[in-house]
Amino acid sequence: MKKTILGLFAFSMMSATALAADTKPALIYDLGGKFDKSFNEAAFNGAEKFKAESGIEYREFEIANDAQREQALRRFASDGNSPIVMAGFNWAASLEKIAAEYPDTKFAIIDMVVEKPNVKSIVFKEQEGSYLVGVLAGLASKSKTVSFVGGMDIPLIHKFACGYVGGAKSVGGDVKVLEAYTGTTPDAWNDPVKGGEIAKSQIDQGADVVYHAAGGTGVGVLQAAADAGKLGIGVDSNQNMLQPGKVLTSMLKRVDVAVYDAFTAAKNDKFEFGISNLGLKEDGVGYALDENNKPLITPEMLDAVEKVKADIIAGKVQVHDYMTDETCPY
């Protein structure tokens, strides 16, 4: 019996080792850099958590331009990396091609749907998290004017904006929401100077709470709001600590969880293909509350946002998804 138990234990250890050995994860960031304090950095944090818990190293690459996308994907796939996780919708065209060339490789893309049998597409209900921070913005605003600074002017970022508008206006129809974008090319994600200039312009128009969904550009937005004595709202990662006491909250988009789960599922031989759509119910989005912003959130504000959160999860409040019809009804 003892030999049998030892034999089974040895077999299970060998099996686990084999699974780990077969897992060669890789993560490729989008433009804006790994340490953008936002989207890419959230992906990095998820990969780091996986490495710390599993002891498995991962490969990573920061692209400098769009021309490197296909080259980076093909290199990792040809080297036997799997799963390969791509942070950002701009990877879709390259992935369509490379996934077909490497049918045995597991791929995961964040923020876009690529319908290939070996691809996991991870998208988020950003409108739900944005609605919550919109509620907090509307309640915190003294001027009844709040604003939004988007990065690249694309439907995905309008999805953030529309949810925010809905949340802000839900606390009072007299709340005005200003809206602007930093550009129409990928450079829009990494221009903090322009982000700051847009935020200043919105503040000059009366905005006293400014929400950004602009990647690295958002660092300038939060700085401008703080310099003007107004409140900013961060995005993707918890950015409350960038301007302590001046960031009302951050809309959390759990890109870190998406990367961690993809790596972990592959390690455990439980990687699933198809589409995952993560919202409040799945803890894929939310808002940040910590020591940096707790003094800014009154008990009444907390009660209000938690009630709305519960109502969205229960289906009592439906938050419009801009991507369904490219309109915003609020």
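Biologist: What volume does the largest pocket have?

Modeller: Rolling a probe the size of a water molecule over the atoms shows where empty space is left. Here the largest pocket has a volume of about 250 Å³. A pocket is an open set of points, on a 1 Å grid over the protein atoms alone, where a 1.4 Å probe fits, with protein on both sides within 12 Å along at least five of seven lines; lining residues have an atom within 4 Å of a point. Points are joined across faces, edges and corners, and the volume is the space filled by probe spheres set on them. This is a predicted model: local features need pLDDT of at least 70, side-chain atom pairs count only at pLDDT 80 or more, and totals for chains, interfaces and linings use all residues. Residues are numbered from 1 along each chain as its sequence is written, and side-chain values use heavy atoms, without hydrogens and water.

Biologist: Which lining residues are the closest to the centre of the largest pocket?

Modeller: Of 14 lining residues, D111, M112, V123, L156 and M323 are the closest to the centre.

Biologist: Which element gives the most to the lining?

Modeller: That is α6, with three residues. Helices (H or I, at least four residues) and strands (E, at least two) are DSSP runs, numbered from the N terminus.

Biologist: Where does the largest pocket lie?

Modeller: Domain 1 (26-124 + 256-282) and domain 2 (126-252 + 285-324) both contribute lining residues, so the pocket lies between them. These bounds come from an automatic or database domain assignment. The C-alpha centres of the two domains are 27 Å apart. Their contact (heavy atoms within 4.5 Å) takes 17 residues from domain 1 and 24 residues from domain 2.
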